[in-house]
Amino acid sequence: MSKVKAINHIAVVVDDMEKSLSFWRDALGMELHELRDVPAEKSQVAFLPLAGPEIELVKPTSDDSGIAKYLAKRGPGMHHICVEVDDIHGMLEQLKSKGIRLINEEPRTAADGKKYAFVHPESTSGVLVELYQI
Ligand code: CO
């Protein structure tokens with residue numbers, strides 16, 4: 001059975017990256033570790049690590065992405081919680097077998113090699129959940 005190991009990051013969807021960084025980086029004083037485009041998700045992400053989980057800021061780079069639609073519907077705010085798992089394929093099979101609705105049936109691979117997949121909020125009490133295998 002695949003296991004959840006830790007909370008990896010908490011993500012906030014933003015409409016203005018610089019404005020958001022002026023809070024998280026400049027006012028709170030957190031270190032901006034990485035700011036990059038994610039073409040596959042039509043978004044730009046910023047990671048601000050802490051001793052435990054990171055904060056991820058996500059901004060859409062195109063009007064037709066899932067993130068842009070989310071932002072248009074609900075405005076900026078909490079977007080997803082990401083948990084690290086030891087075996088993402090095993091976990092997706094496990095969730096499917098329990099009738100959990102998945103957004104990604106198969107894991108996607110990020111530019112840095114991490115595997116990720118999203119679980120639909122309909123099956124998670126309304127919170128978008130991301131699975132990560134590092
Ligand atoms: Co994320």
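**A mixed sheet and what packs around it**

Biologist: What is the order of the strands in the open sheet?
Modeller: This is a predicted model. Its open sheet has 8 strands in the order 2-3-4-1-5-8-7-6, and the pairing is mixed.

Biologist: Which are the edge strands?
Modeller: Strand 2, residues 34-38, and strand 6, residues 108-109. Each of them pairs on one side only.

Biologist: And what does helix 1 touch on the sheet?
Modeller: Helix 1 covers residues 17-27 and packs on strand 1 (4-13), strand 2, strand 3 (43-48) and strand 4 (54-60). Its direction makes about 5° with that of strand 3.

Biologist: Which strands does helix 3 lie across?
Modeller: Strand 1, strand 5 (77-85), strand 7 and strand 8. Helix 3 is residues 88-97, and it runs at about 145° to strand 8.

Biologist: Strands 7 and 8, then. How many bridges join them, and do they run parallel or antiparallel?
Modeller: They run antiparallel, with 5 bridges between strand 7 (residues 115-119) and strand 8 (residues 128-133). In one case, valine 119 has valine 129 of strand 8 as its bridge partner.

Biologist: New topic. How many aromatic pairs are there?
Modeller: The structure has 2. Phenylalanine 23 and tryptophan 24 make an edge-to-face pair, with 5.1 Å centre to centre and 75° between the planes.

Biologist: Is tryptophan 24 buried or exposed?
Modeller: Buried, because its relative accessibility is 18% and the cut-off is under 20%. Phenylalanine 23 has a relative accessible area of 41%, so it counts as partly exposed.

Biologist: What about tyrosine 116 and phenylalanine 118?
Modeller: They form an edge-to-face pair too, at 6.2 Å centre to centre and 80° between the planes. Both residues are buried.

Biologist: Which residues touch the most other members of the largest nonpolar core?
Modeller: Val13, Val45, Val58, Tyr116 and Tyr132, out of 15 residues in that core.

Biologist: Which elements give two or more residues to it?
Modeller: Strand 1, strand 3, helix 2 (66-74), strand 7 and strand 8. Helix 2 gives the largest share, 3 residues.

Biologist: Now the start of the chain. Where is serine 2?
Modeller: Serine 2 sits in the segment before strand 1. It counts as buried because its relative accessibility is 9%, against a cut-off of under 20%.

Biologist: What is serine 2 in contact with?
Modeller: Beyond its neighbours within four places in sequence, serine 2 contacts Val85, Asp86, Asp87, Gly90, Met91 and Gln94. Valine 85 is 83 residues away along the chain, yet the two C-alpha atoms are 7.0 Å apart.

Biologist: Which polar contacts does the serine 2 side chain make?
Modeller: One goes to the side chain of aspartate 86, at 3.0 Å. The serine 2 side chain also reaches the backbone oxygen of aspartate 87, at 2.9 Å.

Biologist: Last one: where does serine 65 lie?
Modeller: In the loop between strand 4 and helix 2. Serine 65 is buried, at 4% relative accessibility. A polar atom of its side chain lies 3.3 Å from the backbone oxygen of serine 62.

Notes
Residues are numbered from 1 along each chain as its sequence is written. This is a predicted model: local features need pLDDT of at least 70, side-chain atom pairs count only at pLDDT 80 or more; totals for chains, interfaces and linings use all residues. Side-chain values use heavy atoms; hydrogens and water are left out. Two strands pair if DSSP finds at least two bridges between them. Helices (H or I, at least four residues) and strands (E, at least two) are DSSP runs, numbered from the N terminus. Contact means heavy atoms within 4.5 Å. Axes are lines fitted to C-alpha atoms, for helices over the stretch in contact, and angles run from 0 to 180 degrees between N-to-C directions. Rings of Phe, Tyr and Trp (its six-membered ring) pair if their centres lie within 6.5 Å; planes under 30 degrees apart count as stacked, over 60 as edge-to-face and the rest as tilted. Buried means under 20% relative accessible area, exposed over 50%, partly exposed in between (1.4 Å probe, protein chains only). A nonpolar core is a set of buried Ala, Val, Leu, Ile, Met, Phe, Trp, Tyr and Cys residues joined through side-chain atoms within 4.5 Å. A polar contact is a pair of N or O atoms within 3.5 Å; within protein, one must be able to donate a hydrogen and the other to accept it, and residues adjacent in sequence count only if both atoms are side-chain atoms.
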